[in-house]
Amino acid sequence: EEEAWRAFRGSALLFVLLELSLVCCDITDGNAEHLKREHSLTKPYQGVGSSPSSQWDFSGSTLVTSSYVRLTPDERSKQGSIWNTVPCYLKDWEMHVQFKIHGSGKKNLHGDGIALWYTKDRLHSGPVFSNSAVFHGLAVFIDTYSNDDATDRSFPYISAMVNNGSVSYDHGKDGRSSELGGCSAEIRNRDHDTYLAIRYSKGRLTVMVDVDDKNEWKECIDIGGVRLPTGYFFGASAATGDLSDNHDIISMKLYQLMVEHTAEEENLDWTKIEPSVSLLKSPKDNIDDPTGNFRGTPLTGWKVFLLLLCALLGIVVCAVVGAVVFQRRQERNKRFY
């Protein structure tokens, strides 16, 4: 029985480690060898400015210090942004953003939030977190103030939108009619670091948050059927209105994902792709959906394989443990007779 118990513990440990690998492989651990420095913004923010050699440019109220990039101070009617000057030609990537939103405003008396962009144009000022309401590309909004009095959502609220220039973000309705999905997250006035990750790989967009000081990612958005071109720019922007907050970017780190593509995909001119999403339902359906989430596309092939492998391993574990226990019982019965 003791040997059977040891065999069971060893098999169970292997099973747990395999399950953990399923979770870990869903998002990169930030391996430095895949960090793309030309698209990353880190302390002490060298290469930020208006010189020809700069890789990041900023506008408006943005203040660059040695510890943070403050897009807006805790003052009314401020707008600021920072943009990568180098277009990104990676087909598969993941952006990790460390940010901090804080201020003196009480609950529901602060605003407006931060927007993260991957777009065709940059430094286009406008009414949506200091950027244009009409754009080509991807936007992820960290919205801290509800402009819609009829909403049933809890703010701060994180949402995503893909646009081909045909839709205007409705700031008065917090972009409800055009969002792909989202989640509520307590990200304001936290005493610890707050992070957000955006992953785009093989037509799938995933947004994860780490805002509870647990050093683990929590899924916020997971959407398949997303098409984004290469050659767009990364950026971040923020704005305040009658209410305000400090909106700080601590770092933006872009990682290249090593993903194999078919020969047909490799030969495609990715710069000519039109931003689009193949949805199972219309974004307008979010108006009646309190969660604002879409159903994801089916599991990818490698996930199905790993899940089947886990199931097979579980069957093998049960068989091995059962065989050991049966053998021990047979030996005891022989001694008895």
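Analyst: The answers below take up the model, its sheets, its backbone, its disulfide, its salt bridges and a surface patch.

User: What kind of model is this, and which residues count for local features?

Analyst: This is a predicted model, in which local features need pLDDT of at least 70 and side-chain atom pairs count only at pLDDT 80 or more, while totals for chains, interfaces and linings use all residues. Residues are numbered from 1 along each chain as its sequence is written, and side-chain values use heavy atoms, with hydrogens and water left out.

User: How do you know that strands β4 and β15 pair?

Analyst: Strands here are DSSP runs of E with at least two residues, and helices are runs of H or I with at least four, numbered from the N terminus. Two strands pair if DSSP finds at least two bridges between them. Five bridges join β4 (residues 79-84) to β15 (residues 233-239), so the pair meets that definition. The two strands run antiparallel, and Gln79 has Ala239 in β15 as its bridge partner.

User: Which sheet holds these two strands, and what makes a strand an edge strand there?

Analyst: They belong to an open sheet of seven strands, in the order β1-β4-β15-β6-β8-β9-β10, with antiparallel pairing. An edge strand pairs on one side only, as do β1 (56-60) and β10 (181-184).

User: What is the order of the open sheet that contains β11 and β12, and how many bridges join these two strands?

Analyst: That sheet also has seven strands with antiparallel pairing, ordered β2-β3-β16-β5-β11-β12-β13. Its edge strands are β2 (63-64) and β13. Seven bridges join β11 (residues 194-201) to β12 (residues 204-210), and one of the partner pairs is Ala197 with Met208 in β12.

User: Why is the phi of Tyr45 worth noting?

Analyst: Most residues other than glycine have a negative phi, and most peptide bonds are trans. Tyr45 is not a glycine, yet its phi is near 65°, a positive value. Tyr45 lies in the loop between α1 and β1. The loop between α1 (2-24) and β1 also holds Pro44, and the peptide bond from Lys43 to Pro44 is cis, with omega near 0°.

User: Is Tyr45 buried or exposed, and how do you know?

Analyst: Buried means under 20% relative accessible area, exposed over 50%, and partly exposed in between (1.4 Å probe, protein chains only). Tyr45 has a relative accessible area of 4%, so it is buried.

User: What is the phi of Phe129, and is this residue buried or exposed?

Analyst: Phe129 has a positive phi of about 50°, although it is not a glycine. It lies in the loop between β7 (125-128) and β8 (136-143). Phe129 counts as buried because its relative accessibility is 2%.

User: Why is the link between Cys183 and Cys220 called a disulfide?

Analyst: A disulfide is a pair of cysteine sulfur atoms within 2.5 Å. The sulfur atoms of Cys183 and Cys220 are 2.1 Å apart, so the link qualifies. The structure holds one disulfide. Cys183 lies in strand β10 and Cys220 in strand β13 (residues 218-223), so the pair ties together parts that are 37 residues apart in sequence. The link is left-handed, with -110° about the S-S bond.

User: What makes Glu266 and Lys91 a salt bridge?

Analyst: A salt bridge is a side-chain nitrogen of Lys or Arg within 4 Å of a carboxyl oxygen of Asp or Glu. Glu266 and Lys91 are at 3.7 Å, N to O, so the pair qualifies. Glu266 is in helix α2 (residues 263-266) and Lys91 in the loop between β4 and β5, 175 residues apart. Glu266 counts as partly exposed because its relative accessibility is 40%.

User: How many salt bridges are there, and which residue does Glu265 meet in one?

Analyst: The structure holds nine salt bridges. Glu265 meets Lys202 in one of them, at 3.9 Å, N to O. Lys202 is partly exposed, with a relative accessible area of 48%.

User: What makes the nonpolar surface patch, and which helix holds Val320?

Analyst: Patches are made of residues with over 30% relative accessible area and no salt bridge; like charges are joined within 9 Å, and nonpolar side chains (Val, Leu, Ile, Met, Phe, Trp, Tyr) within 5 Å. Leu309, Leu312, Val316 and Val320 make a nonpolar patch of about 310 Å², an area from the Shrake-Rupley method with a 1.4 Å probe. Val320, in helix α3 (residues 301-336), is partly exposed at 39% relative accessible area.
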